[in-house]
Amino acid sequence: MTSVFDNLVGQDHIIDILRSAVTASRTGAESQEMTHAWVFTGPPGSGRSSAAVAFAQALVCPNQGCGACNECQSAATGVHPDVEDIRTEGLSIKVEEIRELLTRVAWAPSMGGWRVVVMEDADRLTESAANALLKAIEEPGTRTVWLLCAPTLHDVLPTIRSRCRHLHLRTPSLEAVTNVLINRDHIAPGMADFAARISQRHIGRAKYLATNETVRSNRKTIMQLPLQLASLAAAFQAAQTLVDLATAEANASSEERDEKEIEKLQEAYGKGATGRAMATGAAKAVKELQKEQKSRETRMVRDSIDGALLDLTTFFRDVMLVQAGNQDALINTDLRDQVQNFAISTTPHSILNKISAIMQARIDLGHSAAPLITCEALMCQLARK
Ligand SMILES: [Zn+2]
């Protein structure tokens with residue numbers, strides 16, 4: 001029989017725990033196996049939110065997570081009345097959002113089992129939002145199960161994490177990711193191996209790369225940048241290219257969505273309504289939405305630049321491997337010649353400096369440094385011998 005847990009690649013160590021929790025949950029009471037607060041951590045791409053959603057499905061499914069029934073499908077698509085999937089598009093989750101959520105989940109579950117809240121970015125809770133959430137998690141005897149996802153335990157408030165059961169997901173093996181792409185997504189073996197490698201075993205990213213030619217070609221352009229830093233002017237040009245490509249990638253997905261959201265909101269207020277109160281209300285709501293969209297756009301551009309910088313790091317990592325005499329574990333197998341030439345013309349010490357310069361740029365961007373200036377400063381550092 002198929003199960004929602006089949007899709008969790010390389011996570012056998014937690015699947016057993018989740019399965020026995022689901023079995024124990026049938027009694028309707030808390031037990032050693034089944035507790036009401038969980039935190040899922042793991043590196044990007046390990047599938048922490050997929051694991052949490054699968055668990056949510058299994059908790060509301062009459063067949064313990066068959067993946068096929070109404071309950072399973074509506075839980076996965078976010079329309080199940082007892083399953084809330086909270087993901088933020090903004091930079092943070094605010095206390096108002098948590099308060100509103102708490103009112104919604106105060107009701108008893110409609111189907112009689114558990115009410116499940118999946119919070120995909122628990123690391124983005126503001127401090128006051130986290131405290132509001134803490135009160136709810138502390139409350140005994142409720143029928144609500146909290147599934148929080150975050151990169152590491154340190155990203156969750158200590159008071160919250162001490163009340164949660166912790167599950168850590170691993171990065172799946174290269175072979176496991178390649179096989180999923182071949183078997184599940186019907187991608188040709190050569191492409192599957194390439195995508196699994198360059199995405200550094202990030203399943204979602206690997207699929208995106210394998211099925212999207214523009215993304216592959218943009219990445220190729222970015223990976224050529226370290227080879228084109230012969231002058232200061234070239235370094236500035238490289239920074240501009242990187243920011244432009246990252247912005248284009250972020251915008252491609254957001255423009256259409258932004259328009260749809262505004263349209264939907266106007267419809268909700270009755271488009272073309274003439275009443276003054278109605279018009280003011282709609283205008284205010286649209287303005288509010290546009291502000292949110294702007295903050296999402298900023299985050300997406302930053303995430304996209306961060307992804308490009310991580311890609312660049314793999315180039316220098318490969319160079320260092322070659323300098324150490326190891327040719328077998330290259331990530332960028334398509335750039336083998338360029339990596340080898342680079343390895344000959346530089347020292348390991350200089351490569352280490354370049355990698356730490358990239359890491360510093362990522363930290364600066366995380367603290368809201370201006371993207372273009374940060375990338376210009378970085379490229380100038382990378383241009384040094
Ligand atoms: Zn089911």
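Colleague: Is Glu292 buried or exposed?
Modeller: This is a predicted model, in which local features need pLDDT of at least 70 and side-chain atom pairs count only at pLDDT 80 or more, while totals for chains, interfaces and linings use all residues. Residues are numbered from 1 along each chain as its sequence is written, and side-chain values use heavy atoms, without hydrogens and water. Buried means under 20% relative accessible area, exposed over 50%, and partly exposed in between (1.4 Å probe, protein chains only). Because the relative accessible area of Glu292 is 53%, this residue is exposed.

Colleague: In which helix does Glu292 lie?
Modeller: Helices are DSSP runs (H or I, at least four residues), numbered from the N terminus. By that numbering, Glu292 belongs to helix H12.

Colleague: Is Val60 buried or exposed?
Modeller: Val60 is part of helix H2, which covers residues 48-60. Its relative accessibility is 13%, so Val60 counts as buried.

Colleague: What separates the C-alpha atoms of Val60 and Val83?
Modeller: Contact means heavy atoms within 4.5 Å. Neighbours within four places in sequence aside, Val60 is in contact with residues including Trp114, Val116 and Val83. Val60 and Val83 are 23 residues apart along the chain, and their C-alpha atoms are separated by 8.2 Å.

Colleague: With which residues is Ser74 in contact, leaving aside its neighbours within four places in sequence?
Modeller: Ser74 is found in helix H3, residues 70-76. Ser74 counts as buried because its relative accessibility is 16%. Beyond those sequence neighbours, its contacts are Val79 and His80.

Notes
Helix = DSSP H or I, 4+ residues; strand = E, 2+ residues; numbered from the N terminus.
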